[in-house]
Amino acid sequence: MRLLRLDLERYGRFGNRSLVFDLAKPLHIVHGVNEAGKSTALAAVADLLFRFDQRETRDFVYDMKELRLGGEIVARDGRRLAFRRRRGTTRTLLDAADEPIDEGALDPFLSGVTKAVFLE
């Protein structure tokens with residue numbers, strides 16, 4: 001699986017920001033000065049793929065119930081999935097129209113990787 005786009009819709013101190021990754025490039029490096037948001041972006045990818053950590057709020061600017069991420073991923077076989085994630089305890093994976101979709105929609109892309117393994 002590769003990440004094609006990360007949308008920081010309302011997350012941490014970011015709003016309406018996107019990182020777009022060129023599929024033709026084999027490697028992407030996110031860099032910036034201290035406090036630029038690199039760690040926030042990594043946390044956002046984990047929260048997008050594996051649900052928001054309920055202990056970490058990331059509500060620096062936006063209320064917890066307003067937190068939203070979005071993105072698009074591609075599998076090795078070329079299948080793509082564009083989706084969004086809201087903070088909550090149930091039905092947090094959403095389609096582009098903000099309608100809940102089954103959490104299992106990510107399974108073929110994640111290949112059994114867990115949040116703990118992803119963050120190692």
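A: R5 stands opposite E72 in strand 3. That places us in strand 1 (residues 2–11), which runs antiparallel to strand 3 (residues 68–74), with six bridges joining them. Strands pair here if DSSP finds at least two bridges between them; strands (E, at least two residues) and helices (H or I, at least four) are DSSP runs, numbered from the N terminus. This is a predicted model, where local features need pLDDT of at least 70 and side-chain atom pairs count only at pLDDT 80 or more, while totals for chains, interfaces and linings use all residues. Residues are numbered from 1 along each chain as its sequence is written, and side-chain values use heavy atoms, leaving out hydrogens and water.

Strand 1 also pairs with strand 2 (residues 14–20), again antiparallel and over six bridges. Here D7 stands opposite S18 in strand 2. The two strands form a hairpin with two residues between them, and G12 in the turn has a positive phi of about 60°.

Y11 lies in strand 1 and F52 in the loop between helix 1 (38–50) and strand 3, so the pair ties together parts 41 residues apart in sequence. Both Y11 and F52 are buried, meaning under 20% relative accessible area, with exposed over 50% and partly exposed in between (1.4 Å probe, protein chains only).
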